[in-house]
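Please find below my note on the model, written as numbered points to be read beside the coordinates.

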Amino acid sequence: MEKHWWQEAVVYQIYPRSFQDSNGDGIGDLRGIMQHLDYLQQLGVTVLWLSPVYQSPNDDNGYDISDYEAIMADFGTMADFDELLAAVHAHGMRLIMDLVANHTSDEHPWFKASRASLTNPYRDYYFWRDRPNAWQSNFSGPAWQFDAKTKQYYLHLFSKKQPDLNWANAAMRQDIYAMMRRWLAKGIDGFRLDAINLIDKHGVPDDLTYFPRNGARVHDYLREMNQEVLSHYDIMTVGETSDTVPEEALQYAGFDAHELNMLFQFDHMEVDFDPQFGKWQKHPWSLVALKTILSRWQTVLAGKAWNSLYWNNHDQPRVVSRFGDDRPQYRVLSAKMLAAVLHLMQGTPYIYQGEELGMTNVAFRQLADYRDIETYNAYHEFVDSGQLTADQMMAGVHHGSRDNARTPMQWDDSANAGFTQGRPWIEVNPNYPAINAKAALADPQSLYYFYQHLTALRRKYPLIVYAQYALLDPTNEQTWCYTRTLDGQTLVVTANFTAETVACPAAAAAGEQLVHNYAVAHTATLRPYEVRAILLA
Ligand code: TEU
Ligand code: CA
């Protein structure tokens, strides 16, 4: 098997708006990120992924881009960006950008031209029709918006201010490729491709409400992008692809596919979805379902394609509140367990800002404390129609809102967690006096140092990167145990997902203990949220 640097990487995702404010306006910015490069380097991460920092009217916090080649004023200037990129490289890390090319902002010059007249050359850069069909937006409501100027409707699979680009238009594709080349010429190290499996819209029936992903031409477009742009640089690429099965991933991320390096798949993010309300109502989840899904991804891709490994990002609730236990006595223990289970699988692991501190979900009292457009739209969809009461919906928001991930990074126990000297754009999680980076750095047993240990192990043991995965005891609802095997060496990982002590024969394995979240070893049982990784003698 060919080896690539991005297989050995550990990626850290920064949501710039919530990471560090440097000038007191309450909004995180590029100079704020620069203040913490030592912190990130010491964590052992090797790649930083920035959520969008381009010029944007911020309808969807930067995922609505009005100029791909300017920096959002809130975040700083292009000179700040160049300085940040150089500083990241000087720290021995790489930097990848978020490429949002399924749609732009309605304030992008292409869309302004497109909506100006039926005959404008940019008209066909987007989708226009006389009558809407049944397609629904991912952010609630119809996917078509009437535009008075030309009396047609345009397509937006996300917010009204995010019109979808028409990838069937070759000139549009070339404009995107040229823009990508200019970023690569600056020396960036790759892209995360937002909602990339939505770019082919051809042949979708009018009567579907849920818009299908993975249209066949997505692969034509990505092969073209690869040939024209990606293959000319030593970079990494990761595509965001909801509703994608592992077999389909081989097409996108197969070693010989000439499309992308890896995908963010969503299967494991849906195990706790409510059948009717999705993430907007709490629903019991099964460990067997979770580990079956992730094990299937491990097995189907093995030797053929590459996995990304994540529990968290800016769209997901905090993992310790979701699959762990955020009660004070178990928060750190269970967060360590989740970290080890994820980072010891095959693939490139991603850490979302604050995950290394065990940051938790937040429960703001009123809707007005939330900022996320998806949350507002869903609230109105379910409450205005009477499907959920306001109280039921607020419980759902506490459980599933994307703002759970977007509260400011908790740096210390000073006002606003050290995130800003001003008024933060979204309130800080009130648990910051107990959960913050300063406290973690002062405690040798902290989650931060546990992550540091995991990243160090990955550098030391090629087995952690490359070994074959096998699931043990697949029907056990309490423990997740697996092995990794490479060149006759085997690592046994045993993890307890419950607050009880449970039997676990695999935990008795004799060998060198590489990872443990309790001080003293045990045999054949696992204490609450205990995780052990043993390299067999
Ligand atoms: O998300 C795309 C996507 O698949 C969303 O439907 C995602 O599942 C949803 O936000 C989760 O509730 C990407 C970005 O990650 C997201 O932040 C953007 O809002 C979206 O694209 C539009 O650009
Ligand atoms: Ca700022």
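Predicted model: local features only at pLDDT ≥ 70, side-chain atom pairs only at ≥ 80, totals over all residues.

1. I begin with Gly-62, which lies in the loop joining strand S3 (54–55) to strand S4 (67–71). Its relative accessible area is 0%, and because anything under 20% counts as buried, Gly-62 is to be described as buried although its place is in a loop.

2. As to the surroundings of Gly-62, once residues up to four places away in sequence are set aside, this glycine touches Pro-52, Ser-56 and Met-72.

3. Ser-140 belongs to the loop between strand S6 (128–129) and strand S7 (144–147). With a relative accessible area of 21%, Ser-140 is classed as partly exposed, because the buried class requires a value under 20%.

4. Ala-524 likewise is a residue other than glycine with a positive phi, here near 60 degrees. The residue is found in the loop that runs between strand S18 (511–516) and strand S19 (525–526). Its relative accessibility of 33% makes Ala-524 partly exposed, as the value falls between the limits of 20% for buried and 50% for exposed.

Definitions and conventions:
Residues numbered from 1 in each chain as written. Chains lettered and ligands numbered in written order. Heavy atoms only, no water. Helix = DSSP H or I, 4+ residues; strand = E, 2+ residues; numbered from the N terminus. Buried < 20%, exposed > 50% of the residue type's maximum accessible area, 1.4 Å probe, protein only. Contact = heavy atoms within 4.5 Å.
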